Every structure is written in C-alpha cells, then in structure tokens.
Amino acid sequence: MDKIIINGGKKLSGDVQISGAKNAALPVMAAALLTMGWNTFHNIPDLVDIKTIKKLLISIGAKIETNGTTIRVNADHINHCEASYDLVKTMRASILVLGPLVARMGQARVSLPGGCAIGARPVNLHIKALRDMGAEVDIKEGYIEARSKRLKGSTIYFDMPTVTGTENIMMAACLAEGTTLLENAAKEPEIVNLADVLIGMGAKISGAGTDVIRIDGVKKLSSVEASVIPDRIEAGTFLIAAGMTRGDIRILGCNPSHLETVITKLRSTGIEITSIDGGIRALGRKKTKSVDMKTQPYPGFPTDLQAQMLSFMTIAGGLSVITETVFENRFMHVGELMRMGADIMIEGNRAIVKGIDHLRGAPVMATDLRASASLILAGLVAEGRTEVSRVYHIDRGYEDIEKKFSALGADIRRVRETK
Ligand code: UD1
C-alpha cells in the first residue's frame, strides 16, 4: 500500500489542469448498456473507480477500448446481468448498472452496497422508483433482484434528492413505455451531463438540472460520441489549496458555473478568485476569515468538499461552524486533523472549528476519498512532515494528485508502504 509524504509550508503557484469528473464518467459509462454500437466517451479520468466500472461492464459482457482519456464501450452482447458483491463493495456507484440492465434486458441482479465510511447510504429510493415503474424487486442473499418485461412510465417522487438514484431511474425511464416524471430530482451538473449524453443516444428528456425531469420512453437507443464535464470537486480542492497555502493557482479546464456556491463561500474567506482564459485564478491571502458552511444538495455547498473546507478552517482566523446535512457520519477526518493539532469539536452533525496558527505534521490515515484530500491539504500547510497512509482512497477519485501538487511547488511524494 502506498503512502503520501508531505513536507509542509510551501506556497503553491502555477497552473493545474482539471481532469474529467469521476461522478459524471461513471453514469455515462453505465448508460452505454442501453445502446447498440460503439460509444465513444472523452475526458475520462484515469482513476481506480473508472477501472472498477470497466471491470463491471466487461463482466456484464460489454467490450471496452481505452486510448488515453478516451474510452469506447460496446454493449451489443450482454450475457450476465449482474453486479457482484466483490465489485459493489469496492465502489457503491456500481448500483448505476441496475436501471440500465432492467430497462434493456428485463432483469438485473445487483449486490446491495451496505454501509460505508460516511454513513448507512441506503438505496431504497432506487428500489422504490423501479417498483413504481412496475418492476418486481426482491432482496435475496444480499442482492437486489429486479425483473420487468418493459418498465412503465410513472410519476416518481424522491423523498430526498439522490444523485445516483436520479441517474439510475432517468436511464431506466429512457426505454420505458410512456412518460416518467422524476420529482424532487437531484440537480447536480453530472445529471445534466448524463441527460445530454442520453439525448445524444436518442432519448427524450427535458428538465435535467431542475427538480422535475420528464422522460418520454423510446424503443431503442443508439451509440453516441460525447465528453464528460470537468471535475468540480477537484477544482474546488485546488481553490481551497490556494487559500490554505496563500498561493496563486490558475485552475484550468474547470467550469466556473458549476462552482458558483463554492466560489462565493471561498471569496468570503478572503481568497481572491477571478475568471481567466480557460478557467479561474485563485489567490490566497495572508489572513483568512473563518466562515460557517452547511453542505446541501446542488446548487448548495457540496458534501464532497466539506472535509477540504473543514481542513481550511482549522487554520483560519476565528470560529467556524460546519454543518453536514447530506451524510450522517462524514466527520471521520476530524480525528486525524486533531492529531495534527487542529481544534475541533463535534456536536451531532456540526463541527465547531477554532482556527489555530499552525498545524503540525503527523502520521495520519485516510478514511474515505474526500477525507484523504483534506489530510493532504492539511499536510501542505503543516509544520514538518505529514505521512498520509491508506491513500488507495484518494486514487479512487483524484487523478495524479501528488504530481499535480508537486508541479505547483509542493514537497510531496508517494512511497510504497513496507509491511
Ligand atoms: C453521489 C456522489 C457522491 C456524493 C453524493 C452527494 C456519485 C457516484 N457519487 O453519491 O460523491 O457525495 O452524491 O452529493 O455520483 N439516500 C437514501 N436512499 C437512497 C439514496 C440516497 O436515503 O435510496 C440518502 C443518502 O443516504 C444521503 C442522501 O440521500 O443521505 C444523498 O445521497 P445520494 O445523492 O444518493 O448519494 P450518492 O448518489 O450515493
């Protein structure tokens, strides 16, 4: 297992290129299961989660070709409508094959994901929506078993805006009979990206990006060539890095309109953020103001940047209250940050963070994907050496993170962990 070693205190400056969004690439690749012919997807990041979805699609019978950031997927011959526990336990987003398989093949067997480091994370809303569309769904031996000759369009109300739930059912509804309305749908840019790709395949979808999505079912979909959007969470992480290190970073290839809430919040900490050709520039200030922040579904502040923001607030000038409303257990990074000297108190779903002058380097352990990013950020500003172990979490969702930080001037390297 690898470790990331950081000697903190370097001011970061220069250009960083943002990769394609993992959370956009995964559903788009799953959508290929709805089609015949070769689909071509550009701007796919090189990440462990992408390798996992490739493995999953291949196990279902799809053919895949990879050429740099372009991936081609052909699902002409599906012969195994299953996502095994082995794959689903390493990546919950494997659930994204459920809707497409039921819609195209009339059946699917997908392992239930179970709990994870950030909470229980049930998939009851995915299941309820499929039942609303006429599918028979049973839970057997830890697997969701769903069957339907042809799904029927229906009006589905999500009790909570669920991102992968909206994506799953939007994909399923494309091949259903009649019209499906998804109410209280999630509005994330990744959903709009998926809808655009499905429309390119011949689907009839309107309203993606609002809380009501209408899908008029069609008999078949054909292959498409499309790109995935840039990763707004990676871009947000570099924005925060500029603030924490008082650096000057040009974040290229991002889409600032996907980051409006994040940019507004970060500006109020004192980071100067301006539009430049091809992206944004973030200039950190000597003094950082503490701000309160609450995570919310898009367009609110993303839960996937909560850990990084919390890390930032540990060295800001004052008291900050960070409220997590999306996942119930997403403060695993707090204990690790406290090992670096941070002053944080947890009260229910709130973290009360008292800014201190300096964090101190320490051995810390990554507990989930975004938590690992928060520890790397902390290591970049801490006095002395920080060793982040269990970095396989970060490889699930950040492409070349240590190379990108190193190119900006950080003293950061990856080493093989000895047993
Ligand atoms: C997606 C993202 C993840 C992000 C999260 C919230 C992908 C691959 N992952 O995860 O990075 O952190 O959105 O922005 O896109 N819920 C239920 N029942 C369900 C489904 C969800 O109660 O059937 C709850 C969850 O426990 C959570 C909330 O709804 O409290 C939102 O979760 P959801 O949007 O579904 O997260 P994911 O799609 O798994």
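Predicted model: local features only at pLDDT ≥ 70, side-chain atom pairs only at ≥ 80, totals over all residues.
I count a polar contact as a pair of N or O atoms within 3.5 Å.

**Entry 1: the ligand**

A ligand oxygen lies 3.3 Å from a polar backbone atom of P122. That pair falls within the 3.5 Å limit. I then turned to side chains. For D304, the distance from a side-chain N or O atom to a ligand oxygen is 2.6 Å.

How much of the ligand's accessible area does the protein cover? On its own the ligand has 740 Å² of accessible area, and the protein covers 88% of it.

Next I asked which elements give two or more residues to the shell around the ligand. They are α5, residues 124-132, and α6, residues 163-174. The largest share comes from α5, with 3 residues.

I listed the surroundings too. The ligand has 18 residues around it, and N124, T162, T164, D304 and V326 are the closest. Sorted by class, the shell holds 9 nonpolar, 6 polar and 3 charged residues.

**Entry 2**

I checked the strand order next. The sheet is open, has 4 strands and reads β11-β12-β14-β13, with mixed pairing. Why is one side of β11 and of β13 left without a neighbour? Both strands stand at the edges with a single partner strand each, so one side of each has no neighbour in the sheet. I noted β11 as residues 155-157 and β13 as residues 204-206. From one strand to the next, the twist averages 15°.

I zoomed in on one pair.

I found another open sheet of 4 strands. Its order is β24-β25-β1-β26, and the pairing is mixed. Which strands form its edges? They are β24, residues 363-365, and β26, residues 411-416, each pairing on one side only. On average, neighbouring strands here are turned by 25° against each other, direction ignored.

I looked at β24 with β25, residues 385-389. They pair in the parallel sense through 3 bridges. P363 stands opposite E387 of β25. Helix α12, residues 369-381, packs on this sheet and touches β1, β24, β25 and β26. The direction of α12 makes about 30° with that of β1, residues 2-7.

**Entry 3: other strand pairs**

I recalled the general rule before going on. Strands in a sheet pair through backbone hydrogen bonds, in parallel or antiparallel fashion.

I took the hairpin of β5 and β6 next. β5, residues 63-67, and β6, residues 70-74, run antiparallel and share 5 bridges. E65 sits opposite R72 in β6. The hairpin has 2 residues between its strands, and G68 takes a positive phi near 60°.

I then traced the partners of β8, residues 107-111. β7, residues 82-83, pairs with β8 in the parallel sense over 2 bridges. E82 has R109 of β8 as its bridge partner. β8 also pairs with β10, residues 143-147, this time antiparallel and over 5 bridges. In that pairing, S111 has Y143 of β10 as its bridge partner.

**Entry 4: backbone geometry in loops**

P299 belongs to the loop between β20, residues 293-294, and α10, residues 306-313.

I also checked N43. N43 is not a glycine, yet its phi is positive, at about 65°. The loop that holds N43 runs between β4, residues 38-42, and α2, residues 48-60.

Technical notes: Residues numbered from 1 in each chain as written. Heavy atoms only, no water. Near = heavy atom within 4 Å. Polar contact = N/O pair within 3.5 Å; in protein donor to acceptor, adjacent residues only side chain to side chain. Areas by Shrake-Rupley, 256 points an atom, 1.4 Å probe, with all protein chains shown as cover. Nonpolar A, V, L, I, M, F, W, Y, C, P; charged D, E, K, R; others polar. Pairing = 2+ DSSP bridges. Axes fitted to C-alpha atoms, helices over the stretch in contact; angles between N-to-C directions. Contact = heavy atoms within 4.5 Å.
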